[in-house]
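Subject: Structure handover

Hello,

Here is the structure I promised to pass on. My notes follow below it.

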There are 2 protein chains.
Amino acid sequence: MNNNKSITLRSKQRNSDFHNEQKQGCPGCPMQTLGLCGIFIKGADGASSDHTALSQIERSTAARRLILRSNERINSVPVVCRGWAASAEYLRNGQRQILSFVLPGDLISASLLFREAPRHNVEAVTRVYYRDFDRMALREAMRARPDILELFLTSFSDETERIAEMVVDLGRRSAHQRVARLLLTLMERLEKSEMVRDQAFNFPLRQTHIADALGLTTPYVNQVLNVFREKRLISFEKRSLTILNAEELRGMIN
Amino acid sequence: MNNNKSITLRSKQRNSDFHNEQKQGCPGCPMQTLGLCGIFIKGADGASSDHTALSQIERSTAARRLILRSNERINSVPVVCRGWAASAEYLRNGQRQILSFVLPGDLISASLLFREAPRHNVEAVTRVYYRDFDRMALREAMRARPDILELFLTSFSDETERIAEMVVDLGRRSAHQRVARLLLTLMERLEKSEMVRDQAFNFPLRQTHIADALGLTTPYVNQVLNVFREKRLISFEKRSLTILNAEELRGMIN
DNA sequence: CGTAAAATTGAGCTGTCTCAATCAATGTGG
DNA sequence: CCACATTGATTGAGACAGCTCAATTTTACG
């Protein structure tokens, strides 16, 4: 076990600060035609355009502040427009365990589709811009259109599957393997949203996030990343991560 | 990490052996009025009695054999009548990670409600007796009755939550804490099915199961259990576990 | 541009693993 | 219902992956 008290919630963090901005639709948003947003917002030519479910207002939360607090009721289902977040549990001794990372286009907590309150805290990694779906509208869509129910169920089930894979990582894989897997799976997820170019992508995670997601400590994560850099498996520059040798990274898993 | 090659699937294990027995309803089954079964089978006085969804045939799988294989299609959704099972992932190097334990009254893999094939293997811990729900009937029920959809969603979401708690355990808790939590949560789950008497319950798990669920090794699990026994926190006798001091066990978690 | 946050480094240290080897329990076939 | 065969539990000595605790340097951001 490790006992580093990585997180001390500052009082400031208890008030999320919103930038409420009026924006028309989601012009220019790369997520517009992808994932959940794609279903509801379809482009000019696209058939269905059920804007009613998605709020016109874009909100945001600064890095390191909480977007959602566990067990705090909310009647919307926010989607990330831009930025990264992390769903996490805080232990009484100050430790943090990150359960999953929330990327652009993801629902911030899929469980909000079915529950009034999120089960875990969601913390902004970068400043996160997001919009609210109306839960009632989504539930109605779920009831009326089997394909949408299906979509929600599979996306929920995919999230569960990612968490299950985390269990395997934490239970049976070494620190090196865990880091390799994290980087690779983040890349895969970002590829689906076309956010990877030439094996390179924007990577806002701090070593603390990596450590708290993988059950490690920052000094050790640092060491592992150094090894990877020395072996020319990855490279960092200006918050951008490049996977130089995906093959070898995959090879070291298992 | 640990490298013990805990599991080598023997060829025999590849064929599950079924005892197909004809039985009327589920007379005498303690799960009859509880959980999912309770919804569909209601007693003589109970209103709805939709037996059509539940197969009359009780099947069984011997201890250590697989009940479900990951990615192998199946068009029923089995429920455990008696016995314990474990959902697990096998790594190429022979290691096993148990993701969750399946207790009487549980669906063997809740994901089968939504998917054709289970995502993980499910292995019998003891001999497991189970019956099949018809997936189509369940889906129909789900569509027609919002309360049933709700029930499935929450039970699925509870399963996800248990897995998330496993991530916290594996990432941020010591071996002693993990073992304590496992024993306590198993007791809590069994209490809901009225299978605990005076803090004592039937406990068929081998130390291998505990180790593979908690990311530990058998020798170390053994050591931890010895400490617990010496401290009079628990006691074993004849496959029955008694929690002698739940308070102190809870106290050591976090 | 100053300050808070993050990264880096290093010297111990320990929780948990590895590797057997032995003993106990459980199940199975005759 | 016994004797073997298999599976599981127990034990111990040694090893090491990953942690702790600073202290220092670098980076990021308001």
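To start in chain B: which residue stands opposite S240(B) in β11(B)? E237(B) does. Keep in mind throughout that this is a predicted model.

**The strands around β11(B)**

That pair belongs to a hairpin. Strand β10 (residues 234-237) of chain B pairs with β11(B) over four bridges, in the antiparallel sense. Two residues lie between the strands of this hairpin. One feature to check there is K238(B), which takes a positive phi near 55°.

β11(B) covers residues 240-243, and its side chains alternate. L241(B) and I243(B) point to one face and are buried.

F201(B) has L241(B) as its bridge partner.

**How the two chains relate**

Chain B can be laid on chain A with an RMSD of 0.0 Å.

Which surface does each copy use? Of the interface residues of chain B, 100% are also interface residues in chain A, so the copies meet through the same surface.

The contact takes 29 residues from chain B and 29 residues from chain A. On the side of chain B that touches chain A, the elements giving two or more residues are β6 (96-102) and α3 (146-172) of chain B. α3(B) gives the most, with 13 residues. By class, that side of chain B has eleven nonpolar, eleven polar and seven charged residues.

**The four-stranded sheet, chain A**

In chain A, four strands form an open sheet in the order β3-β7-β5-β6. The pairing is antiparallel. β3 (66-68) and β6 (96-102) of chain A stand at the edges, each with a single partner strand, so one side of each is left without a neighbour in the sheet. The twist averages 35° from one strand to the next.

Inside this sheet, β5 (residues 85-90) and β7 (residues 121-124) of chain A pair over four bridges, in the antiparallel sense. S87(A) stands opposite V122(A) in β7(A).

Helix α5 (residues 207-214) of chain A touches β5 and β6 of chain A, and its direction makes about 105° with that of β6(A). α3(B) also packs on the sheet and touches β5 and β6 of chain A; its direction makes about 130° with that of β6(A).

**The sheet in chain B**

Chain B has an open sheet of four strands in the order β3-β7-β5-β6, with antiparallel pairing. Its edge strands are β3 (66-68) and β6 of chain B; each has a single partner strand, so one side of each is left without a neighbour in the sheet. Two bridges join β3(B) to strand β7 (residues 121-124) of chain B. L66(B) stands opposite E123(B) in β7(B). α3(A) lies across β5 (85-90) and β6 of chain B, running at about 130° to β6(B).

**One residue at the contact**

V167(A) lies in helix α3 (residues 146-172) of chain A. Is V167(A) buried or exposed? V167(A) is buried, with 23 other C-beta atoms within 10 Å. Among the residues it touches in chain B are Q97(B), L99(B), I163(B) and V167(B).

**A helix pair in chain B**

The axes of helix α5 (residues 207-214) and helix α6 (residues 218-230) of chain B come within 9 Å and cross at roughly 105°. That makes α5(B) roughly perpendicular to α6(B). Q207(B), T208(B), I210(B) and A211(B) in α5(B) meet T218(B), V221(B) and N222(B) in α6(B). By class, this contact has three nonpolar, four polar and no charged residues.

**Chain A overall**

Chain A comes to seven helices and eleven strands. Buried residues make up 37% of its 254 residues. Of the contacts in chain A with a separation of 6 or more, 71% join residues 24 or more positions apart.

Best wishes

Methods
Residues numbered from 1 in each chain as written. Chains lettered and ligands numbered in written order. Predicted model: local features only at pLDDT ≥ 70, side-chain atom pairs only at ≥ 80, totals over all residues. Least-squares fit on C-alpha atoms with pLDDT ≥ 70 in both. Contact = placed C-beta atoms within 7 Å. Buried ≥ 20, exposed ≤ 12 C-beta atoms within 10 Å, placed from the backbone. Pairing = 2+ DSSP bridges. Nonpolar A, V, L, I, M, F, W, Y, C, P; charged D, E, K, R; others polar. Axes fitted to C-alpha atoms, helices over the stretch in contact; angles between N-to-C directions. Parallel < 35°, antiparallel > 145°, perpendicular 65-115°, else oblique. Lists of a residue's contacts leave out its neighbours within four places in sequence.
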